[in-house]
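Morning, everyone. I have one model to show today. Let me put it up.

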Amino acid sequence: MRVDRRDLVVDGFTVAGHRRRGPGGAVVCVHGAGVSSRELLPFVDALGERHDTWAVDLPGFGASAKPSRPLTLPALP
């Protein structure tokens, strides 16, 4: 698999992600409830052949930091 782990810091909050850099436009994959971006790694690997593809862990999931308070939709990175 050719996917790299990339952690991003957004407004001081760490968001874990995975990326495969491809030649086309960016695609961001977001996991569903109860799972993490690791579930999407085979998809990111395959899609990354044609697109700059990311999978991120939402706050409190996977390897992303847990917020100190519930986040509203505009507060999500």
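Arg-20 has a relative accessibility of 12%, so it counts as buried, the cut-off being under 20%. Keep in mind that this is a predicted model.

Where does Arg-20 sit? It is in strand E2. What does Arg-20 touch? Leaving out residues up to four places away in sequence, its contacts are Arg-2, Val-3, Val-44, Asp-45, Gly-48, Glu-49, His-51, Asp-52 and Thr-53. Look at Asp-45 in particular. A polar atom of the Arg-20 side chain lies 2.4 Å from the backbone oxygen of Asp-45.

Now the sheet. As a reminder, strands of a sheet pair through backbone hydrogen bonds, parallel or antiparallel. Here we have an open sheet of four strands. The order is E1-E2-E4-E3, and the pairing is mixed. Which strands stand at the edges? They are E1, residues 4-10, and E3, residues 24-30. Each has a single partner strand, so one side of each is left without a neighbour in the sheet. From one strand to the next, the twist averages 30 degrees.

Back to E2, which spans residues 13-20. E2 pairs with E1 in the antiparallel sense, over seven bridges. Within that pair, Asp-4 stands opposite Arg-19 of E2.

Last, the annotation. An unreviewed UniProt entry marks residues 27-70 as "domain: AB hydrolase-1". In the model, that span is 16% helix and 23% strand. Its end C-alpha atoms lie 26 Å apart.

That's my tour. Over to you.

Methods: Residues numbered from 1 in each chain as written. Predicted model: local features only at pLDDT ≥ 70, side-chain atom pairs only at ≥ 80, totals over all residues. Heavy atoms only, no water. Pairing = 2+ DSSP bridges. Helix = DSSP H or I, 4+ residues; strand = E, 2+ residues; numbered from the N terminus. Axes fitted to C-alpha atoms, helices over the stretch in contact; angles between N-to-C directions. UniProt positions renumbered as here; feature names shortened; annotations may be inferred. Buried < 20%, exposed > 50% of the residue type's maximum accessible area, 1.4 Å probe, protein only. Polar contact = N/O pair within 3.5 Å; in protein donor to acceptor, adjacent residues only side chain to side chain. Contact = heavy atoms within 4.5 Å.
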